[in-house]
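Dear colleague,

I am passing on the structure we spoke about, and below it you will find my notes on what was found. Please read them with the model open beside you.

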Amino acid sequence: MAARAIWKAVVHVGDLSVPVKLYSAVEDRSIHFHLLHDQDMVRLKQRMVNPNTDETVPHEQIRKGVEIERNRFVVLSDEDLESLTPPASRDIEISHFIEREAVEPPWFDRPYFLGPDGDAPEYFALAKALAGSERIGLAHWVMRSKQYHGALQPEGDYLTLVTLRHAGEVIEPGELEPPAGRDLDKKERDLATRLVAGLTEDFNPEDYQDEYRERVRQLIDTKRRGGTIEVEEYEEVPQERSLAEMLEASLSR
Amino acid sequence: MPAKQKKRQEKDGRHHHPRGVRPFWSGTISFGLVSVPVHLFPGRRSGGVAMRMLDEDGTPLARRYHCPEHEVDVHPEHIVRGYELEDGSYVVIRDEELEAISPKKSREIDLRRFVDIAQVSPTLFDRPYFLTPAGDSTKAYRLLADVMHQTQKAGIATFVMRGKEYLVAILSHGGVLSAQTLRFPDEIRDADDVGLPEAPQIDREQVSRFEKAIRKHSVNELPRDELKDASTEQLTALVEKKRKKGQDIVETEDYEPDASEPSSDVDLMEAIRRDLQGGNGAPQRSDADGSDLEDRSKEELYALAKQRNVPGRSKMNRDDLITALRKG
């Protein structure tokens, strides 16, 4: 079944514009559990209480605050929070185009598909031009009262928009010093390089399934039929031989 | 011990021991027959400003799990996990059972496949982590990180963490290993799943108008200043303004910290750095002056400088690069 668009917008590249619809590219496959009371298997409800009185605080009475030092809060009113909300807009502004490698993996957050809104030949023209450029567009937009940044990318004939994490949130590897130590042994490096080369293949995501998720599903099935499962221990493999010996043994396997 | 007394003790305990940063996961990376003991830490800062829910008088609220049947708040010991069946009844799944079905080597990341990282679509990237050396020696870690960096390959593996299986790409950036969890392919839709229409005949002229616009707005480096979190900056400024004026400030008694509150970003960075520098109590050789830089080609040095974001690198000769990299 076709997915439902979650938002409509217009992508702006310079003075060119492309009307689009936004779709989630993520499909939730996780197995959801509820929290139950072990005495009667009744589903628990979360409630927010004042810990001094243990009374539930109704939603409309809850205020928001930021702790400025231990046990001291600045309280923010609804108007305060309102004033911080960016103005609503349907524009996705593409400010720059950068090489794909200039955006390291930790920046990427959540992927969306963009589809054409109506009969939009310019959508497919943009996708084609972008694919040919081997670049990605840096996008900025406000959706549901939140400011987003993202990467506009070609995906076949289509476009995806992957939200990017904020600067400051991302720890860039350059901020960290690698572990120091004695120079690595040349023989060990050569062996390890050969081992990596021997294990290098094309990436094919279809090779991977969430096997654990499947096992949890089977466990649920077993238990609903009244079955039980056995508990096993895992063992650790001690490492005794030298690095070079282990690498050589690895290569000869 | 009465519940109230117990609660107080826990509270006091928290006071004396400020929350430490613990690795999310500890285990080994298996590379051939070599085991590399590692810790796994979150690879991002919490960034935002933590907002707390307060009562009208400013008391920070606490979360309770309430049983509507018994009309009591339920202590965590008495909470179990249930999977809901079609008829509304539940199958209870206990922690030990989940533990029992996790793979035998649940403490292992088995690196049996390496790929060119450019082949991994960014739509698959989920969360970033850093891997730090955990054992007595950093040698195996450094060897793996060095070789992966030189060959520009990413290792692909699956492993189990906190009751979930993860597909992960292990990357090396100038000697630091990072892990990027990937979405499984069945968690990602393609254009067919979304139901996008087929591409029509494309107007060549329209494409070239976009090509021109792309060229015009192309830049070489990621403009990080465009990726700032403006809302959080404004929120911080507003909080600061109110603090200075002494406006809307409430004092509270000691309260229970929210368990989901992240540890501080400063503590996280310190924990990662300490681990990378062999802070596990392991004696380290002190030849940290980067002597192996001399052995590297200019291209290798430039690649390292690019990864560490050394400013002005494009105009540097080999010696300048070595000096700049040593300075960090």
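**Contacts between the two chains**

Between chain A and chain B there are 16 salt bridges, a salt bridge being a side-chain nitrogen of Lys or Arg within 4 Å of a carboxyl oxygen of Asp or Glu. Before going further, please note that this is a predicted model, in which local features need pLDDT of at least 70 and side-chain atom pairs count only at pLDDT 80 or more, while totals for chains, interfaces and linings use all residues. Residues are numbered from 1 along each chain as its sequence is written, chains are lettered from A and ligands numbered from 1 in the order in which they are written, and side-chain values use heavy atoms, with hydrogens and water left out.

Helix H2 (residues 121-133) of chain A gives the most to the side of chain A that touches chain B, with 10 residues; helices (H or I, at least four residues) and strands (E, at least two) are DSSP runs, numbered from the N terminus. Sorted by class, that side of chain A has 79 nonpolar, 31 polar and 46 charged residues, where Ala, Val, Leu, Ile, Met, Phe, Trp, Tyr, Cys and Pro count as nonpolar, Asp, Glu, Lys and Arg as charged, and the others, Gly among them, as polar.

In terms of contact (heavy atoms within 4.5 Å), 156 residues of chain A meet 171 residues of chain B. The two chains bury about 16,000 Å² between them, 62% of it on carbon and sulfur atoms, buried area being the accessible area (1.4 Å probe) that two parts lose on being put together, summed over both.

Over all chains the structure holds 30 salt bridges. One of them joins B:Asp73 to A:Arg47, with the closest N and O atoms 2.8 Å apart, and this pair crosses from strand E5 (residues 72-73) of chain B to strand E5 (residues 45-50) of chain A. Another salt bridge links the side chains of B:Arg44 and A:Glu169, at 3.1 Å from N to O.

Strand E3 (residues 34-37) of chain A runs antiparallel to strand E6 (residues 79-84) of chain B and is joined to it by 4 bridges, with A:Leu35 having B:Arg81 as its bridge partner; two strands pair if DSSP finds at least two bridges between them.

An open sheet is formed by 4 strands in the order E3(B)-E7(A)-E8(A)-E14(B), with antiparallel pairing. Its edge strands, each pairing on one side only, are strand E3 (51-54) and strand E14 (249-251) of chain B. Within this sheet, strand E7 (residues 63-69) and strand E8 (residues 72-76) of chain A pair over 5 bridges, and A:Val66 has A:Val74 as its bridge partner. Helix H6 (residues 230-245) of chain B lies across E7 and E8 of chain A together with E3 and E14 of chain B, at about 115° to E8(A); axes are lines fitted to C-alpha atoms, for helices over the stretch in contact, and angles run from 0 to 180 degrees between N-to-C directions.

**A hairpin in chain A**

Strand E1 (residues 7-13) and strand E2 (residues 16-24) of chain A run antiparallel, joined by 7 bridges. They form a hairpin with 2 residues between them, and A:Gly14 in the turn has a positive phi of about 55°. E2(A) is also joined by 5 bridges to strand E10 (residues 108-116) of chain A, again antiparallel.

With best regards
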